[in-house]
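Morning, everyone. I'll take you through one chain today, from the overall fold down to single residues. Please bring up the model.

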Amino acid sequence: MVRIGNDWDEIIGSEFQKPYYLKLREFLKKEYASGRVFPEKENIFNALKTTPYKSVKAVIIGQDPYHEVGQAHGLCFSVQKGCKIPPSLKNMYKELYDDLGIAPASHGELTSWAKQGVLLLNAVLTVREGQANSHKGKGWEEFTDAVIKKLNEHSKPVAFILWGANAKAKAQFITAPQHKVFSAAHPSPLSAYNGFFGCRHFSKVNTFLSENDVVPIDWTIK
């Protein structure tokens, strides 16, 4: 039985008993036993562990974890300190500077965002070393759909930040009028110039939160 250690246990715990998840669990057991899989097992649910349901102010949805050694630690777009900053995150830092004047951090770990209520959730929570999207279609999408549906039930306004087609696919589950969706192109170098740069989502999210009497996010990476 998976234990998150906060209010997510009650909110999402029933998912871990469902047939799709039990099947996913068996697949993961084999994957972790037969090769290298990221993140480490204890970090798979790091996004939910670091950002309790009651604390969620904003959600950023990524695709799947980074697939090289030492990078992934369970928060989308974030890499552990000491890792080279990936291209998509570099572009996020560039937009953050252009939007709010926040200078790029020297590292790529976004835990300070997560601790303030930014749920950094990948659509797929595990990956085989060196093989992007290798755990796609194994059941994680159903689990993260369930997370988004539960967030849609949140009584407090939540900002959903959807960058790229993969993230935008979750928009269908965000229907409650108190929430707001911010969508743009993915920050990847392949698409950042198609609408990610200049989206000003960091300041727009804070404006939305302030208008709804929610403390805005300090986007400075600590």
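A definition before anything else. When I say helix, I mean a DSSP run of H or I with at least four residues, numbered from the N terminus. Helix H2, for instance, covers residues 19-34, and Glu31 sits in it. We'll come back to Glu31. Keep in mind that this is a predicted model.

Overall picture. The chain has 8 helices and 6 strands. Starting at the N terminus, the order is α-α-β-α-β-α-α-β-β-α-β-α-β-α. The radius of gyration is 17 Å, close to the 17 Å the globule rule gives for 222 residues, so the chain is as compact as a globular protein of that length. The C-alpha trace spans about 45 × 40 × 30 Å along its principal axes. Of the 222 residues, 58% are buried. Now contacts between residues at least 6 apart in sequence: 67% of them join residues at least 24 apart.

Next, a helix pair. How do H4 and H8 pack? H4 is residues 87-100, H8 is residues 201-211, and the angle is about 60 degrees with the axes 8 Å apart. That makes H4 oblique to H8. On the H4 side we have Met92, Glu95, Leu96, Asp99 and Leu100. They meet His201, Phe202 and Ser203 of H8. By type, the residues of this contact are 4 nonpolar, 2 polar and 2 charged.

Back to Glu31. Buried or exposed? Its relative accessibility is 11%, and buried means under 20%, so Glu31 counts as buried. Its side chain makes a polar contact with the side chain of His135, at 2.7 Å. Leaving out residues up to four places away in sequence, Glu31 touches Val37, Arg128 and His135.

Now His107. Find it in the loop between H4 and helix H5, residues 111-114. His107 is buried too, with a relative accessible area of 12%. What does its side chain reach? The backbone nitrogen of Glu109, at 3.1 Å. Beyond four places in sequence, His107 is in contact with Lys81, Ile85, Tyr93, Ile221 and Lys222.

Ser191 is buried, at a relative accessible area of 17%. A polar atom of its side chain lies 2.8 Å from the backbone oxygen of His186. Setting aside neighbours within four places, Ser191 contacts Ala185 and His186. For scale, take Gly5, which is 186 residues from Ser191 along the chain. Their C-alpha atoms are 37 Å apart.

Last, the backbone. Which two residues does a cis peptide bond join? Phe38 and Pro39, with omega about -5 degrees. Pro39 belongs to the loop between strand E1, residues 37-38, and helix H3, residues 46-50.

Then two positive phi values. Phe77 is not a glycine, yet its phi is near 70 degrees. Look for Phe77 in the loop between strand E2, residues 58-62, and H4. Phe77 is buried, with a relative accessible area of 8%. Asn133 is the other one I picked, with phi about 65 degrees, and not a glycine either. Asn133 is in the loop between strand E4, residues 127-128, and helix H6, residues 140-152. At 27% relative accessibility, Asn133 counts as partly exposed.

That's the tour. Over to you for questions.

Methods
Residues are numbered from 1 along each chain as its sequence is written. This is a predicted model: local features need pLDDT of at least 70, side-chain atom pairs count only at pLDDT 80 or more; totals for chains, interfaces and linings use all residues. Side-chain values use heavy atoms; hydrogens and water are left out. Axes are lines fitted to C-alpha atoms, for helices over the stretch in contact, and angles run from 0 to 180 degrees between N-to-C directions. Angles under 35 degrees count as roughly parallel, over 145 as roughly antiparallel, 65 to 115 as roughly perpendicular and the rest as oblique. Contact means heavy atoms within 4.5 Å. Ala, Val, Leu, Ile, Met, Phe, Trp, Tyr, Cys and Pro count as nonpolar, Asp, Glu, Lys and Arg as charged, and the others, Gly among them, as polar. Buried means under 20% relative accessible area, exposed over 50%, partly exposed in between (1.4 Å probe, protein chains only). A polar contact is a pair of N or O atoms within 3.5 Å; within protein, one must be able to donate a hydrogen and the other to accept it, and residues adjacent in sequence count only if both atoms are side-chain atoms. The radius of gyration is taken over C-alpha atoms; the globule rule is 2.2 Å times the number of residues to the power 0.38.
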